[in-house]
Amino acid sequence: MDVERKFRPGERVRVMKAYPLGHVRTPYYVRGCTGTIERLCGAFPNPEELAQMRDGLPARPLYRVRFLHRDLWPGYGGDPADVVEVEIFQHWLEAA
Amino acid sequence: MIERSHHDMGGLPAGPVERGEHDYAEWELRVDALMTLLTGVRSAKKLMTVDELRKNIEALAPDAYDTMSYYERWVISITQTLIQRGVITTEQLARKMLEVEKRGR
């Protein structure tokens, strides 16, 4: 059984602002930032566990999350509508 | 506490992206093939994951990370992973490296 999905497309989420040791796939520049669920990508074994020789099960939901650049970079000078999409596992996200 | 790991450089200032294609050296093709085999392609025994490859690349010292080429980082990481998993021992590696060095003379 996979971990149950918590979020639907269009919902606002905040990325956990944490800096654990080990292998993580959540880039530094989105931690603590708020974005919008764009889609569910599926459920996959947790790469943080796979990196440590464990099976990473149960599989965890992975989402594509859309961020406005102006929400990520102070003083962003480009088009205010510019976005970046980052794939983030559910355990890094909370409802915003 | 170190918040940003050295490899996690998204958004930092950087030069332009080099877009040209380039050929791979024979040893680089071999490293790529080795990784394919170790991760269990075509139902071969799975001896490591891409996540371990990344973990051990990310564990490189910053100056090594910056100066090594792409496949140099891979081969160091694959070697480290196989030692951690007990697929090879440090002693076996040392002896093999001496043997290869002699062959090259």
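Residues are numbered from 1 along each chain as its sequence is written, and chains are lettered from A in the order in which they are written. Because the model is predicted, local features need pLDDT of at least 70 and side-chain atom pairs count only at pLDDT 80 or more, while totals for chains, interfaces and linings use all residues.

**View 1. Strands 1 and 2 of chain A.** Strand 1 (residues 12-15) and strand 2 (residues 34-44) of chain A run antiparallel and are joined by three bridges. In one pairing of residues, A:Arg12 has A:Thr36 of strand 2 as its bridge partner.

**View 2. The helices of chain B.** Chain B has five helices (DSSP runs of H or I, at least four residues) and zero strands. The radius of gyration of chain B, taken over C-alpha atoms, is 16 Å, well over the 13 Å that the globule rule (2.2 Å times the number of residues to the power 0.38) gives for 105 residues, so chain B is more spread out than a compact globule.

**View 3. Where chain A touches chain B.** The contact (C-beta atoms, placed from the backbone, within 7 Å) takes 10 residues from chain A and 13 residues from chain B.

Conventions. Two residues are in contact if their C-beta atoms, placed from the backbone, lie within 7 Å. Two strands pair if DSSP finds at least two bridges between them. Helices (H or I, at least four residues) and strands (E, at least two) are DSSP runs, numbered from the N terminus.
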